[in-house]
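Let us take a walk through this structure together, one neighbourhood at a time. Please keep the sequence and the 3D view side by side as you read.

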Amino acid sequence: MKRRDFFKKGAKGAVAASLLPLVGAASAQNVHQIDRTKDKWYQVATGKMAVPDRSKNVDCDVVVIGAGIAGIAAAVSAARNGAKTILVQDRPVLGGNASSEMRVTVNGAPQERETGIVEEILIENWVHNKQESYPVWDHVLYNYVTREANLKLMLNTQAIDAQVEGDFIKSVKCWGLTNETEFVITAKQFIDCSGDGLMAAMAGAEYRTGREGKAEFNESYAPDQPDGWTMGDCIMMITKDMGRPMPFKAPDYAIPFDHVTAFKDKHRRIKQIKEGFWWIEVGNEFDIIADRENVRHKLMAHFYGVWDHIKNSGDFPEADNLALDWIGSIPGRRESRRFVGDYMLTQNDILECRHFEDAIGFGGWSLDEHNPGGIENLKEPASYFHAKNKEVYEVPYSILYSRNIANLSFAGRNASLTHIALSSTRIIATCAMMGQAVGTGASMCVKKGLNPRELRSKHMNELQEQLLRDDAFIPHRPANDKDDLARKADVLMASSTVSGDVKLLLDGVSRDRGEELHHWEADGVNAELQLEWKKPVVLSKVELKGDTNVHRYLMMHKNPAKNIKRKQILDVPPELIKKAAVEVRVKGKWQEVAKVDVNITRLIKTSFEPVKTSAIRIKLQDTWGYKNAKLFEVRCY
């Protein structure tokens with residue numbers, strides 16, 4: 001396929017290109033640059049002419065650009081670890097591709113599920129949104145973010161420029177779309193989770209687009225020669241059964257669907273008509289960002305062509321009573337800029353499950369490289385589905401920060417990856433895991449006065465330990481926190497055991513791995529766990545990790561039939577501890593110091609006034625439905 005015409009037409013192309021930098025490319029040395037002096041505002045209340053004051057300076061420790069699930073995880077983790085954080089989102093809702101505007105399922109590694117922040121969000125959604133409403137999901141995310149101490153959210157705000165001195169970002173300039181306000185945000189650490197990465201690009205961070213050739217990284221699934229193609233954007237839809245025949249007339253711009261050619265690929269065959277089709281996709285062979293509006297129009301045109309075939313060909317009688325209930329107007333994007341870090345993750349790293357000393361999490365989705373031409377190239381399969389791993393693979397920290405901008409990190413599809421590696425790591429829950437890692441890393445950088453590269457070289461063990469404490473999971477990296485007083489207990493005993501071993505609660509692995517058990521399960525729900533120290537210790541925190549069954553799906557689907565097929569429980573995981581209490585022994589008497597009545601998180605944190613004690617007793621009083629109390633970890637601080 002030839003390059004889009006508008007890239008070749010000199011005058012027209014020059015005009016289009018000239019529009020891009022008018023707002024964003026101006027020097028950020030002058031903090032506020034929008035000229036308001038021409039504004040003729042007669043203030044009736046004061047009887048005076050005035051100039052609107054719509055420029056603000058904001059200071060923080062960490063700024064996160066982009067509030068998809070990766071950006072949310074980055075911002076929340078930075079804030080929870082003590083950094084004053086600002087989360088900037090250019091849309092009116094949170095969630096990015098997973099929001100109600102695009103409705104992409106929060107998929108992750110199929111072998112075993114991600115825990116930490118992304119799991120917290122998914123469980124909370126089943127508490128507040130059992131009806132599986134995407135607009136309500138938006139508000140679940142909003143509640144999750146806005147209640148977080150140390151975190152300020154700025155919606156409808158786009159980061160358009162960066163002030164850089166040497167290799168350090170000093171501030172970012174943002175434009176408030178709804179309040180007509182220019183913000184300059186000064187911070188110590190900057191994280192770009194926006195996908196397209198405009199802020200990072202404006203800061204001068206090195207990036208690449210397109211497909212690497214086979215030779216560069218010895219990737220067997222890469223094309224023979226490098227080219228500019230990226231995987232395409234897509235839009236989704238949801239239908240509704242109206243209980244009566246619903247005619248459909250395609251809009252004037254619809255593109256007829258070549259179903260004969262399309263259906264030669266089994267992945268394009270229409271097996272359900274409840275939700276959208278991921279293969280209605282349009283890519284670009286040079287600059288998918290500049291081509292965004294053209295891509296959007298083509299996607300809508302192709303979608304309506306497919307729906308016209310479904311409704312009017314006579315081949316799908318089950319569609320007679322169906323009507324479109326929702327169709328996306330904003331494309332979900334798979335690929336654009338990929339920033340360059342100290343390392344680039346490759347196909348071979350994924351398929352060989354290479355070990356990284358700086359691992360911060362895992363992935364597990366197959367190498368799912370979509371046909372870059374999408375629906376405009378029906379002669380090739382919708383996705384090549386190159387290969388899949390039986391086990392999860394490690395994701396290193398060195399792909400999550402810039403190699404040439406010292407205080408810049410990134411997470412999500414804009415990380416340091418080859419095109420082929422991206423075909424796996426782009427999955428939303430994997431991106432969220434990256435986000436939690438860079439948010440935690442940024443907060444540590446602020447505390448220590450370092451930047452991500454220095455953190456990796458000097459304090460990687462500390463970063464990994466904090467991630468593990470916060471319920472991330474790193475394959476082949478057990479926790480071994482020297483500050484965890486539970487590991488120094490002289491006695492660890494339980495009221496009963498039907499599975500596992502109480503000593504496994506201290507082995508540093510917070511989930512079962514295949515046939516390897518790492519849990520303790522009591523007989524019943526009124527269970528007790530006791531730790532004793534020969535020499536009294538001072539405690540103020542007890543932390544537990546419960547069971548959410550990481551081999552069961554948790555995400556919300558547009559098609560309820562998928563939940564039924566997967567035997568997914570549309571509620572809080574029944575195995576999870578719901579009610580618990582912590583007691584300490586002081587002078588031979590037990591005193592309750594913490595109580596949890598309605599817990600909905602795998603990581604259960606309790607805190608209380610420091611107390612000197614020789615023993616604690618943890619009472620597990622109820623679950624969300626499972627017959628036994630079950631834990632994977634206990635910690636004391």
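What follows goes from a group of helices to several paired strands, with a stop at one residue along the way.

A word on the ground rules comes first. This is a predicted model, in which local features need pLDDT of at least 70 and side-chain atom pairs count only at pLDDT 80 or more, while totals for chains, interfaces and linings use all residues. Residues are numbered from 1 along each chain as its sequence is written, and side-chain values use heavy atoms, with hydrogens and water left out. Helices (H or I, at least four residues) and strands (E, at least two) are DSSP runs, numbered from the N terminus.

Let us begin with the helices. Helix H4 covers residues 69-80, and its axis comes within 9 Å of that of H5, crossing at roughly 110°. Axes here are lines fitted to C-alpha atoms, for helices over the stretch in contact, and angles run from 0 to 180 degrees between N-to-C directions. H4 and H5 are therefore roughly perpendicular to each other; that label covers 65 to 115 degrees, with under 35 counted as roughly parallel, over 145 as roughly antiparallel and the rest as oblique. On the H4 side the contact (heavy atoms within 4.5 Å) is made by Ile69, Ile72, Ala73, Val76, Ser77 and Arg80, and on the H5 side by Ile117, Val118, Glu120 and Ile121.

H5 (residues 117-128) also packs with helix H6 (residues 134-146), at an angle of about 125° and with the axes 10 Å apart. These two helices are therefore oblique to each other. From H5, residues including Ile117, Glu120 and Ile121 meet Val136, Trp137, Val140, Leu141, Asn143 and Tyr144 in H6. Sorted by class, the contact of H5 with H6 has eight nonpolar, three polar and two charged residues. Here Ala, Val, Leu, Ile, Met, Phe, Trp, Tyr, Cys and Pro count as nonpolar, Asp, Glu, Lys and Arg as charged, and the others, Gly among them, as polar.

Now turn to the strands, where two strands pair if DSSP finds at least two bridges between them. An open sheet of four strands has the order S3-S9-S8-S7, with mixed pairing. S3 (55-59) and S7 (157-165) stand at the edges with a single partner strand each, so one side of each is left without a neighbour in the sheet. From one strand to the next, the twist averages 20°. Five bridges link S3 to S9 (residues 181-186) in the parallel sense, and Asp59 stands opposite Thr186 in S9.

Next comes strand S12 (residues 230-234). Five of its five residues are buried, so S12 is largely enclosed by the rest of the structure. Buried means under 20% relative accessible area, exposed over 50%, and partly exposed in between (1.4 Å probe, protein chains only). S12 runs antiparallel to S14 (residues 281-284), joined by three bridges, and Cys234 has Glu281 as its bridge partner. Asp233 is found in S12, and its relative accessibility is 0%. Beyond its neighbours within four places in sequence, Asp233 is in contact with residues including Ile280, Arg292 and Arg334.

Our last stop is strand S26 (residues 603-623), which pairs with S23 (residues 527-546) in the antiparallel sense over 14 bridges. Ala527 stands opposite Leu620 there. S26 is also joined to S24 (residues 577-586), by seven antiparallel bridges, and Glu583 has Arg617 as its bridge partner.
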